[in-house]
Amino acid sequence: MKVLRKIGFPISLVYGLVVYIRNILFDRGFFKSISFSTPTICVGNLSVGGTGKTPMIEYLIALLKEDRKLAVLSRGYGRKSKGFIKAGPTTTVEQIGDEPFQIYKKYPEVTMVVDADRRHGISLLEAQEEPDLILLDDAYQHRKVQPSFAILLTAHGQLYVDDWFLPTGNLRDSKKEAQRADIIMVTKCPPNIRLKEQEKIIKKLQPLKHQKVLFSSLVYDTVLQGEGGNLELQELRTKKVLLVTGIANPRPLVTYLKDASIAMEHLEFGDHHFFTEKEIDVFNSKELVLTTEKDFVRLKGKVDNLFYIRIEHKLLGEGRKQLKEALSSL
């Protein structure tokens with residue numbers, strides 16, 4: 001893969017040029033970026049996956065849902081449908097995609113819709129639901145909509161400033177576009193990250209005067225959830241565990257489980273992978289299958305003895321307070 005990435009360097013130059021021209025056309029008004037009367041919060045990144053966008057959407061829902069009528073708009077990546085769909089009791093994961101389905105099941109009181117056309121999706125939400133606030137999932141690079149507030153995620157150890165364009169690197173947008181963010185959130189930090197390292201990262205990111213840089217780490221639940229009940233994480237030490245992941249970056253989870261002295265076999269699949277019958281047969285031959293919450297919604301009802309581990313963002317220091325204050329104007 002490293003060799004292929006190096007060979008693809010000329011392609012990355014062409015890709016970067018196309019991205020640069022596209023952004024220039026938006027900046028100078030040749031392509032229109034419109035705003036809406038309903039406040040919108042955009043959550044996204046400059047790279048391909050692995051920064052914790054869905055857990056951040058869930059964090060914002062938990063933070064804001066008591067005071068506002070919320071709606072979430074997602075593209076619904078990987079779904080087997082098209083157009084505008086509002087999640088409901090009979091909605092399937094195939095119709096709206098794994099991440100929107102996960103959010104809907106966790107927060108059914110929040111309106112969850114998918115639409116690849118963000119303008120169309122927002123317009124229908126305003127007409128049909130009249131939300132107080134719309135969360136735009138993975139929409140940072142979709143410049144046809146001008147959000148009221150933008151949160152840019154970048155993973156600790158994989159900062160966008162150290163990256164390069166696809167396919168040589170993981171960037172799908174220009175580093176310069178970070179200037180459109182109101183908050184830059186450094187995710188997946190070690191929970192004990194020192195202030196000196198935080199200051200070093202802030203200096204590296206070179207935020208503008210209006211931008212706040214916040215830090216978060218991932219917190220894993222010690223109680224595993226399953227259809228047949230719950231299981232304490234420590235109980236896995238006595239079992240033969242198969243870890244199944246279909247996410248962008250499973251390394252933090254694998255490290256966490258190893259640090260917890262969990263011996264396991266790991267089958268790693270691509271992000272948003274829809275599992276085949278043959279793969280499911282393999283899973284069912286194992287004593288216990290552990291997976292992520294996102295993968296669980298695609299495997300639920302198909303795999304016996306299946307459990308998932310929940311994760312959430314924990315903002316470090318005064319991060320939660322600062323985020324809430326920054327969003328209060330919305």
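The side chains of Asp-295 and Arg-298 are joined by a polar contact of 2.6 Å; a polar contact here is a pair of N or O atoms within 3.5 Å, where within protein one must be able to donate a hydrogen and the other to accept it, and residues adjacent in sequence count only if both atoms are side-chain atoms. This is a predicted model, so to speak of local features takes pLDDT of at least 70 and side-chain atom pairs count only at pLDDT 80 or more, while totals for chains, interfaces and linings use all residues. Residues are numbered from 1 along each chain as its sequence is written, and side-chain values use heavy atoms, with hydrogens and water left out. Helices (H or I, at least four residues) and strands (E, at least two) are DSSP runs, numbered from the N terminus.

**Around Asp-295**

- Asp-295 sits in helix α10 (residues 293–299).
- With 0% relative accessibility, Asp-295 counts as buried (under 20% relative accessible area; exposed is over 50%, partly exposed in between, with a 1.4 Å probe and protein chains only).
- Leave aside the neighbours within four places in sequence, and Asp-295 is in contact with Val-244, Thr-245, Gly-246, Ile-247 and Phe-275 (contact means heavy atoms within 4.5 Å).

- Which residues of helix α6 (residues 118–128) are buried? They are Arg-118, Gly-121, Ile-122 and Leu-125.
- Looking down the axis of α6, these buried residues fall within an arc of 95 degrees, so they line one face of the helix; the arc is taken over the directions from the helix axis to the C-beta atoms.
- The cover over the buried residues of α6 includes β1 (40–45), β2 (70–74), β4 (111–114) and β5 (133–137).
- At the N-terminal end, Asp-117 caps α6, with a side-chain oxygen 3.2 Å from the backbone nitrogen of Arg-119.
- Just after α6 comes Glu-130, with a positive phi of about 50 degrees.

**Gln-211 in its loop**

- Gln-211 belongs to the loop between α7 (195–205) and β8 (212–220), and counts as buried at 9% relative accessibility.
- Two backbone oxygens are reached by the Gln-211 side chain: that of Ala-178 at 2.8 Å and that of Ala-181 at 2.9 Å.
- Not counting residues up to four places away in sequence, Gln-211 touches Ala-178, Gln-179, Arg-180, Ala-181, Asp-182 and Ile-184.
- Ala-116 is 95 residues from Gln-211 along the chain, and their C-alpha atoms are separated by 29 Å.

**A six-stranded sheet**

- Six strands make up an open sheet with mixed pairing, in the order β10-β9-β14-β13-β11-β12 (two strands pair if DSSP finds at least two bridges between them).
- The edges are β10 (229–232) and β12 (264–268), each with a single partner strand, so one side of each is left without a neighbour in the sheet.
- On average, neighbouring strands of this sheet are turned by 30 degrees against each other, direction ignored; axes are lines fitted to C-alpha atoms, for helices over the stretch in contact, and angles run from 0 to 180 degrees between N-to-C directions.
- Strands β9 (residues 223–226) and β14 (residues 306–309) run antiparallel and are joined by two bridges.
- Gln-225 has Tyr-308 as its bridge partner in β14.

**Salt bridges**

- Side chains of opposite charge can pair when their charged atoms come close.
- The count is 18 salt bridges, where a salt bridge is a side-chain nitrogen of Lys or Arg within 4 Å of a carboxyl oxygen of Asp or Glu.
- One of them links the side chains of Lys-176 and Asp-27 at 3.9 Å, N to O.
- Lys-176 is in the loop between β6 (149–155) and β7 (183–187) and Asp-27 in helix α2 (residues 9–27), so this pair ties together parts that are 149 residues apart in sequence.
- Lys-176 is partly exposed at 37% relative accessibility, and Asp-27 is partly exposed too, with a relative accessible area of 41%.
- Arg-180 is partly exposed at 26% and forms a salt bridge with Asp-173, the closest N and O atoms being 3.8 Å apart; Asp-173 is buried at 1%.
- Arg-180 also meets the side chain of Glu-177 in a salt bridge of 2.8 Å, N to O, and Glu-177 is buried at 1% relative accessibility.
- Salt bridges that share partners join Asp-27, Arg-143, Asp-173, Lys-176, Glu-177 and Arg-180 into one network.
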